[in-house]
Amino acid sequence: MKILDYIPNDAEIGVGLELRLRTDQYVFFLPGTRHKSEQSINEIFYAGVGGHLELGEDLLECGRREAQEEIGLSIEYEDSNRTVYVDSFKDIRTIEVDDTIKPLAIFEMIHPEGTPKAGGIYHIVIFKALIDIEPHSLQSEEVSGIILLNKEQVLTGNRRATIQQLLDEGAKVIGLDINKEIVIYPIGTAEALTLIGKEI
């Protein structure tokens with residue numbers, strides 16, 4: 001079966017990237033101005049690079065386009081040894097796929113309260129991918145900054161921590177005017193990776 005065979009025809013679908021530098025730092029974005037209405041003053045989310053699948057586009061094209069749009073870089077996909085399905089109840093099961101590049105996961109993200117699609121399910125197909133250099137060309141509407149986390153921080157990401165706490169633990173932040181005292185929490189791909197940690 002192909003990965004899309006596991007997702008209903010009328011579903012909202014996107015691609016998320018478990019994106020790593022070759023130094024093994026994991027790359028996540030901090031939201032830009034487009035997402036301001038979805039943020040509180042003291043907390044913001046962080047998420048994996050990616051976005052909605054457009055009409056006529058395949059999943060791999062979507063991931064490449066989103067990486068170009070959000071961080072201005074080309075990516076190299078990696079095959080996953082195992083593909084899992086994380087449903088909206090956070091139950092995890094292995095699925096069999098025969099895609100040329102096997103994704104890491106499908107994650108059923110519930111749109112948060114206060115957003116236009118609150119309560120709806122967004123199916124994120126997550127692929128492993130690599131970049132050679134740190135992102136430096138950010139689209140401010142989409143991305144206000146980048147946070148690079150080590151594997152342990154990714155696995156324990158299901159907590160709320162200040163950016164300063166993460167920096168003290170070895171993270172790195174790229175971007176101007178990032179408030180180090182703001183609390184960040186994972187959504188989408190970033191949240192999925194905290195759940196399927198042993199697979200990454």
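Two residues are in contact here when heavy atoms of theirs lie within 4.5 Å. With that in hand, take Ile174: setting aside neighbours within four places in sequence, this residue is in contact with Glu134, Pro135, Leu138, Gly145, Ile146 and Leu148. Keep in mind that this is a predicted model.

**Helix α1**

- Helix α1 runs over residues 59–71, which makes 13 residues. From first C-alpha to last, α1 reaches 18 Å, close to the 18 Å expected at 1.5 Å a residue.
- At the start of α1, Asp58 puts a side-chain oxygen within 3.1 Å of the backbone nitrogen of Leu60.
- Just after α1 comes Gly72, with a positive phi of about 70°.
- Which residues of α1 are buried? The list is Leu59, Cys62, Gly63, Arg65, Glu66, Ala67, Glu70 and Ile71.
- The cover over those buried residues includes strands from several parts of the chain: β1 (12–21), β2 (26–31), β4 (50–52), β5 (76–78), β9 (121–131) and β10 (143–149).

**The cavity**

- Searching the whole structure turns up 1 cavity of 30 Å³ or more.
- The largest cavity holds about 50 Å³ of space.
- Its lining is made up of Tyr46, Leu149, Gln153, Thr156, Gly157, Arg159, Ala161, Leu166 and Ile184.
- Sorted by type, the lining of the largest cavity has 5 nonpolar residues, 3 polar and 1 charged.

**Ile174, in a strand**

- Ile174 sits in strand β12, residues 172–174.
- Is Ile174 buried or exposed? Its relative accessible area is 13%, and the cut-off for buried is under 20%, so Ile174 counts as buried.
- One of its contacts is Glu134. Ile174 and Glu134 are 40 residues apart in sequence, and their C-alpha atoms are 8.5 Å apart in space.

**Ile101, in a loop**

- Ile101 belongs to the loop between β7 (92–95) and β8 (105–110).
- At 22% relative accessibility, Ile101 is partly exposed, because that class covers values between the 20% and 50% cut-offs.
- Not counting residues up to four places away in sequence, Ile101 touches Leu60, Tyr77, Glu78, Asp79 and Phe127.
- Ile101 and Leu60 are 41 residues apart in sequence and 8.7 Å apart in space, C-alpha to C-alpha.

Key
Residues numbered from 1 in each chain as written. Predicted model: local features only at pLDDT ≥ 70, side-chain atom pairs only at ≥ 80, totals over all residues. Heavy atoms only, no water. Helix = DSSP H or I, 4+ residues; strand = E, 2+ residues; numbered from the N terminus. Expected span 1.5 Å × (residues − 1). Buried < 20%, exposed > 50% of the residue type's maximum accessible area, 1.4 Å probe, protein only. Polar contact = N/O pair within 3.5 Å; in protein donor to acceptor, adjacent residues only side chain to side chain. 1 Å grid on protein atoms, 1.4 Å probe; cavity = no way out; pocket = protein on both sides within 12 Å on 5 of 7 lines; lining within 4 Å. Points joined across faces, edges and corners; volume = space filled by probe spheres on them. Nonpolar A, V, L, I, M, F, W, Y, C, P; charged D, E, K, R; others polar.
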